[in-house]
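Take a look at the model below.

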Amino acid sequence: MQTIFLKEEECYCQLDKFYANVAKHLGYDVPYGDEKHTFDCRKICITPSAYQKIKEFYKQRFNDSELTVAMLFLACGPKMTVNEFPDKKYIAEVEDGFILEEIEDEN
């Protein structure tokens, strides 16, 4: 398991952008919207502060309700099981297999 320390602005975004931000910390060059990479949300956990920033983005940007955000996280979001540090609030813990690369079709 790898621990990633994120900046607040790396968490204030849509989930797919958040996952791309985490991937960059892992050394992957995953452009936002890249369809060659997918992410396994079962292999990532975050702190409550990281969750709050993502939720804040959805509520402010899309005017999503608490229920809509909760359903989004149930379907494709990370779980909030990581403890925060006093000086580090935005943390993700990532297991192997979080980033899945699709092989290009040679046909």
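This is a predicted model. Start at Lys 55, which lies in helix α3. Is Lys 55 buried or exposed? Its relative accessibility is 12%. Buried means under 20%, so Lys 55 counts as buried. Leaving out residues up to four places away in sequence, Lys 55 touches Glu 66 and Val 69.

Helix α3 covers residues 48–62, and helix α4 covers residues 66–76. Their axes come within 10 Å and cross at roughly 125°. The two helices are therefore oblique to each other. The crossing of α3 past α4 is right-handed. Which residues make the contact? From α3 come Tyr 51, Ile 54, Lys 55, Tyr 58 and Lys 59. From α4 come Glu 66, Val 69, Leu 72 and Phe 73. Sorted by class, six of these residues are nonpolar and three are charged, with no polar ones.

Now turn to the largest nonpolar core. Nonpolar side chains tend to be buried together in soluble globular proteins. Here the core holds 26 residues. Leu 6, Phe 18, Val 22, Ile 44 and Ile 46 touch the most other members. Helices α2 (15–25), α3 and α4 each supply at least two residues, as do strands β3 (44–46) and β4 (91–94). The biggest share comes from α2, with six residues.

Finish at Ile 46. Not counting residues up to four places away in sequence, Ile 46 touches Tyr 51, Ile 54 and Phe 73, among others.

Methods: Residues numbered from 1 in each chain as written. Predicted model: local features only at pLDDT ≥ 70, side-chain atom pairs only at ≥ 80, totals over all residues. Heavy atoms only, no water. Axes fitted to C-alpha atoms, helices over the stretch in contact; angles between N-to-C directions. Helix = DSSP H or I, 4+ residues; strand = E, 2+ residues; numbered from the N terminus. Parallel < 35°, antiparallel > 145°, perpendicular 65-115°, else oblique. Left-handed = near helix turned anticlockwise from the far one by under 90°. Contact = heavy atoms within 4.5 Å. Nonpolar A, V, L, I, M, F, W, Y, C, P; charged D, E, K, R; others polar. Core = buried A, V, L, I, M, F, W, Y, C linked by side-chain atoms within 4.5 Å. Buried < 20%, exposed > 50% of the residue type's maximum accessible area, 1.4 Å probe, protein only.
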